[in-house]
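Thanks for passing this one along. Here are my notes, in the order I would go through them with you on screen.

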Amino acid sequence: EHGQGGFPPMVDQSPPPRPPEGSNGDETATIAAEEPTILYQVLEGRVCVLTLNRPHRNNALTLQMQKDYFAALRRAERDERVVVVVVTGAGRSFCVGADMELLVSATAAPEKSADGSAVWHDQKNVEQAQMRLLTKPVVGAINGAAAGLGLVLALWCDVRFVSQKAKLTFSFSQRGLVAEHGISWLLPRIVGLSRALDLLLTSRVVKGKEAVALGLAEYDAPDGSSAVEAAISYARGLAANCSPAAMCEVRRSIYSDFARGADEASSDAISLMLASLAHPDAVEGVASYLERRPSRFEGLRAGQIRSRL
């Protein structure tokens, strides 16, 4: 069962975007030099799909691809057509981690990125902060293998769908690497301390159904394409039924409350609740319920709820 988050089926059931020519999982496929590393597509239903697009390398990440990915997220943030973002991979894999050429270069010159520009860890700290500060929900569709940094990218998504055939591993300990890119902060909060240690110490492979049982994903699907379809349907449900302004504050509060005490979090929640009552989305949410009709939220066009504090 793919799980639709309790939402009614969407009228628009158009299929997810197809990967580009040559991205059918064949490792011998080639992509033209001008082919973007991240595909950006806005679907009906106010959903943006970002596709990691190096299928000939199982979507292994280069430094440029990482920059392109976070640039695409920033673009989706600014795009008024978009309420929810879905992230997936082209071909048969989600993302197998950093490109091995990048790792070879990084171990040869550990304080520099492969192209000799910014220090690696400074770049990653900035990008992780971007993920926490996004105003729009991000849904991961793990359509195939996810390893190392690729699995970290998936776990920074708010909700995850996974193919039952997908293989997931952190792989760091088997490569002589530490718990990278903030995963030592994030993973225990997702699966618990002991499970996080198990997964990071052993780098063992986890398949789709076990991933759901552990909490690495919320929903599983029979294969990669159905995982993408289910993720897009879920995202359309959020966009159709939920206030964008409310969803923005929900995810912001959850991430910020990780680092705060209960008293501070409760005080902030009370202030946000009072501010939300003055937002047009709250007025519309109550009116649509009383009138038994679909909601027509203004969303972030009317400003963030926090801005009314």
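Predicted model: local features only at pLDDT ≥ 70, side-chain atom pairs only at ≥ 80, totals over all residues.

1. Ile 270 sits in helix H10, which covers residues 262-277. With a relative accessible area of 55%, Ile 270 counts as exposed, because the cut-off for that class is over 50%.

2. Strand S5, a covered element. Turning from the surface to strand S5 (residues 138-142), you will find five of its five residues buried. In a regular strand, side chains alternate between the two faces of the sheet. Here both faces of S5 are covered: one side carries Val 138, Gly 140 and Ile 142, the other Val 139 and Ala 141, and all of them are buried.

3. Neighbours of S5. Strand S3 (residues 84-89) runs parallel to S5, and three bridges join the two. Val 85 has Val 138 in S5 as its bridge partner. Strand S7 (residues 159-163) is also parallel to S5, joined to it by four bridges. Within that pairing, Gly 140 stands opposite Arg 160 of S7.

4. Cysteines. How many disulfides does the structure hold? The count is zero. Two cysteines to look at while you are there are Cys 48, buried with a relative accessible area of 0%, and Cys 248, which counts as buried at 0% relative accessibility.

Notes:
Residues numbered from 1 in each chain as written. Heavy atoms only, no water. Buried < 20%, exposed > 50% of the residue type's maximum accessible area, 1.4 Å probe, protein only. Disulfide = S-S within 2.5 Å. Pairing = 2+ DSSP bridges.
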